[in-house]
Amino acid sequence: MHLAIYTFPMLGRSLIIFSFISILISATAYFISFRKKSDEHLQLARISFHGSAISVLVSSFLLLYFILTHQFQYAYVWNYSSTDLPLHLLISTFYAGQEGSFMLWTLYTTIIGIVLLGYSSRKGWEVEVMLVFNLILGFLLLMLVVKNPFAYIWDAFPEDLIHTGTLPQTGGNFVWLDEVKGIWAQYPTEGKGLNPLLQNYWMAIHPQILFFGFSSMSVPYIFAVAALLRKEYQAWISVAKPWTVFGTGILGLGIILGGYWAYETLGWGGYWGWDPVENSSLVPWLVGLASVHTMMSQRKMGSFVRTNFVLSILCFVLVLYSTFLTRSGVLGDTSVHSFVDPGMWAYWILLSVLTLFALLGFGLLFLRNKEMPKIPVEHSFLSREFAIFLGATLLSFTALFILVGTSSPIITTILSGKTSAIDISYYAKTSLPFGIGIALLMGFGQLLWWRNSQTSSLLKSLFAPSFVALVFTVAMIVVGVNDALILLFLFFSAFALAVNIIVGFRIIKGNPKYSGGAVAHIGMALMFIGFVASSRYDDKQTVSLEEGKTLSVLNNYQLTYLGYQLMEQEQYSFDIRVEKDGNTEIVSPVMYFSKFTNGLMRIPDILNQVMQDFYIAPVSLETPESKSKEEIHSFKKGEMKTIDGMKITFVDYDFSDEEKGKMVTKSREVQIGADFLVEMNGIIEHIKPLFQMVNGETKFIPANHSSGHRFTIRKMIPDKENKENSSIEISIAHTDSESNTPQKDVLIIEASVKPYINLVWLGTIMMMFGFLISVVRRLEEARS
Amino acid sequence: MKLKIILGSIAIVTILVFLAMNFLESKIEYGTITMAKEKGKLIQIKGACVQEKESFYDSKNNQFIFYMKDDEGQETKVIYDGAKPNNFELAEAVVVKGRYSEGVFHAKDILTKCPSKYEGNSEQIKKTL
């Protein structure tokens with residue numbers, strides 16, 4: 001019994017309430033400091049911030065401790081974990097549910113806040129930055145006050161768990177709620193466990209990175225609002241820039257890891273499904289990406305003042321909107337991911353917080369708009385600023401299109417009263433034209449100079465990459481790509497790749513620290529080409545593999561199903577031998593019946609090759625019934641029937657076998673035969689199927705007729721008193737040559753080929769590397 | 001300067017028209033089986049699998065076949081080209097996307113909605129005591 005913890009009832013919840021109040025005090029103290037422009041409340045503000053932060057850290061550790069020690073008196077722990085989970089999955093149940101994922105978001109935001117306090121006070125931005133930060137942390141804590149991760153299980157199930165009387169001493173976990181009144185509660189000894197879909201090492205990685213990305217994306221917003229409060233419209237850029245690059249990089253990593261998870265183990269067939277949950281993290285990422293570029297432009301040239309405010313505010317507002325879409329239940333039935341209705345409270349808090357932070361950001365921007373400096377346009381169309389402007393516009397429009405599509409159930413309900421959702425083909429169709437423009441600018445923009453470019457040198461630098469792109473595109477036409485827009489997209493992607501490789505080499509020779517942009521663009525261009533190849537030119541086929549038989553699928557992959565093996569935890573792996581061009585590999589997708597979902601779970605397996613992935617998703621295992629025609633007939637003694645050209649007469653039971661059997665085995669074995677006279681084409685045969693009973697187990701032994709018919713006893717109704725009344729039921733099956741051998745299992749799989757999917761992963765790694773180089777560079781800049 | 005504004009506005013209007021067109025073209029209404037029968041167009045229907053009737057995977061044609069009942073209580077046979085979805089047995093509701101023709105609803109997508117874990121019922125808690 002875990003009685004010890006209950007001696008500190010409500011510890012976790014008290015800590016959260018303490019954090020919430022503390023952060024409000026800190027926010028108020030920062031606000032007073034801001035209004036009075038004095039330092040006298042700064043100490044209070046810092047202390048209460050630290051109090052809140054420590055309290056968040058402690059309550060997070062407490063939740064983790066409760067999970068690790070299986071404290072099932074907490075509803076959250078009971079709901080998502082169980083004693084049989086390995087450590088890494090046990091830890092990941094921390095954020096398997098809504099309360100816990102808000103807790104994780106809060107925890108990461110707090111950690112960022114601690115860093116941000118030091119950073120902003122060194123830069124002299126502490127008061128405004130921490131004021132805005134505290135509002136954000138306050139909102140997260142408010143969510144935790146409403147959706148309490150430390151709720152007791154008996155509060156959720158009072159009728160089942162709360163009892164009165166004496167406390168039982170054995171047979172479960174019991175705890176006094178009120179010893180004086182004699183009220184006690186029983187609580188579970190085991191948890192419900194983690195959804196098997198989530199039981200994967202990715203569960204330990206992907207959500208953490210994604211939430212860290214969400215937390216980081218609030219920093220550009222914080223700096224933007226702080227700058228508006230301070231009326232400093234230029235200086236904030238270099239302070240905020242490293243955070244924007246960092247947040248965008250982390251969020252991008254989180255999104256892509258989610259895609260890899262879906263591809264590799266969830267068996268969704270692809271890495272991207274345009275699901276609302278995926279989309280709603282992609283939208284803030286695209287806006288973040290746009291602002292990474294426009295911030296660079298403002299830092300260099302002073303332009304894009306308003307754009308940068310709008311984009312930085314949007315980054316966080318869109319994170320909130322995405323949370324609202326996926327956590328409030330507003331999308332209802334349109335997402336696989338969507339959490340089911342979390343209750344009206346959460347809905348209204350999320351909606352009002354979204355409105356509040358949008359109003360705060362855009363309202364301040366509106367107020368300050370007039371006094372903001374208008375930087376006169378000095379650049380030409382052939383300048384890097386203009387390319388960046390176009391690129392940021394395209395990225396923002398892409399984000400808008402995805403946002404509108406994802407919000408379609410809400411938009412259509414408001415506009416027409418009828419709920420509609422968008423078909424996912426919408427996303428690919430609409431992003432393609434923007435993708436073409438973005439690819440073009442990724443290359444072209446890198447060749448341009450700030451302010452203005454010299455036409456002659458520009459043309460010279462265009463030559464080599466255009467040539468490479470042209471050769472590549474012609475090769476693609478030869479290979480069979482015939483869609484004009486796709487070809488255009490491939491052409492510009494190849495162009496961007498070539499330009500950035502050339503520019504990248506030149507930069508690395510000079511100063512590798514400045515190569516972040518080129519490296520990230522190389523990554524992006526590779527991803528673009530990988531996207532087209534792997535998802536537009538993939539090929540799939542559903543096939544039935546009979547055990548031991550070799551089948552050729554999809555361009556000469558020879559597949560042979562070898563049989564299944566029992567792995568740990570009642571999971572079965574289905575071994576398939578894959579032969580291609582003389583190479584042989586074994587691929588083993590997994591299927592098992594999950595008690596948790598009460599259904600079949602399927603895990604794909606992938607044969608990774610340099611040029612393509614061969615992807616096998618298991619569908620089902622069919623154990624075929626005997627294919628032969630089988631009919632049941634009943635005979636009375638002496639009766640004759642004509643079946644399939646055979647004249648069959650049931651002569652009698654043959655008990656002599658029974659007697660013989662008894663003598664041989666001393667009554668442990670009983671054997672009774674049935675004698676049939678079969679005439680076919682003038683030939684007469686005796687057919688004697690047998691009934692056997694050995695050690696209490698009954699067996700029917702069939703007998704075969706020369707024509708291939710098999711006689712099996714089904715039911716015996718002998719009458720020993722009056723033998724003439726005996727009757728029998730037999731089955732007569734025509735066994736063709738094939739089904740004489742026992743039937744083989746048939747494994748049904750969906751095999752697919754994903755060409756050049758490695759370009760997507762390689763591109764991702766390069767892009768992340770580019771982000772890393774940039775963060776380091778921008779941090780150095782911010783320091784100077 | 002004026003030229004820029006004119007060009008910019010034209011570009012933005014074009015993009016917004018492109019958005020509206022694609023949006024209207026790709027939207028699929030939520031409806032009922034009755035509506036699906038009447039209109040015969042692409043539609044999404046929320047409902048539940050009829051447990052009493054057969055549901056099976058036809059391996060020869062790679063089709064999953066089941067019967068569903070919508071919120072109005074109408075029933076239809078559903079044929080889906082593919083395997084039975086992972087969470088089908090557990091789903092308290094399914095959303096099918098497709099077209100009704102010749103007495104059958106041909107689904108090109110099935111979405112399964114799993115019951116909320118928060119609605120954990122007495123049975124579940126009793127199992128773990």
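Two residues are in contact when they have heavy atoms within 4.5 Å of each other. Keep that in mind as we walk through this predicted model, where local features need pLDDT of at least 70, side-chain atom pairs count only at pLDDT 80 or more, and totals for chains, interfaces and linings use all residues. Residues are numbered from 1 along each chain as its sequence is written, chains are lettered from A in the order in which they are written, and side-chain values use heavy atoms, with hydrogens and water left out.

**Stop 1: chain B**

Select chain B and colour it by secondary structure. Follow the sequence and the pattern reads α-β-α-β-β-β-β-β-β-α. Of contacts here between residues at least 6 apart in sequence, 43% join residues at least 24 apart. Of its 129 residues, 44% count as buried, meaning under 20% relative accessible area (1.4 Å probe, protein chains only).

**Stop 2: helix H10 of chain A**

Now select residues 201–216 of chain A. This is helix H10, whose 16 residues reach 23 Å from first C-alpha to last, close to the 22 Å expected at 1.5 Å a residue; that expected span is 1.5 Å times one less than the number of residues. Show the side chains: the buried ones include A:Trp202, A:His206, A:Phe211 and A:Phe214. What do the buried residues of H10(A) pack against? Their partners in chain A include helix H5 (87–92), helix H6 (98–123) and helix H12 (235–266). At the start of H10(A), look for the side-chain oxygen of A:Asn200, within 2.8 Å of the backbone nitrogen of A:Trp202.

**Stop 3: an open sheet**

Stay in chain A and show strands S5, S24, S13 and S12, which form an open sheet in that order with antiparallel pairing. Two strands pair if DSSP finds at least two bridges between them. At the edges sit S5 (539–546) and S12 (605–608), each pairing on one side only. Between S13 (612–622) and S24 (746–755) of chain A there are 10 bridges, and A:Ala617 stands opposite A:Glu750 in S24(A). Helix H12(A) packs on this sheet, touching S12, S13 and S24 of chain A.

**Stop 4: A:Ala439**

Finally, select A:Ala439 in helix H18 (residues 425–447) of chain A. Is A:Ala439 buried or exposed? A:Ala439 is buried, because its relative accessible area is 0%. Leaving aside neighbours within four places in sequence, A:Ala439 touches A:Phe492, A:Ser493, A:Ala496 and A:Phe528.

Technical notes. Helix = DSSP H or I, 4+ residues; strand = E, 2+ residues; numbered from the N terminus. Buried < 20%, exposed > 50% of the residue type's maximum accessible area, 1.4 Å probe, protein only. Polar contact = N/O pair within 3.5 Å; in protein donor to acceptor, adjacent residues only side chain to side chain. Axes fitted to C-alpha atoms, helices over the stretch in contact; angles between N-to-C directions.
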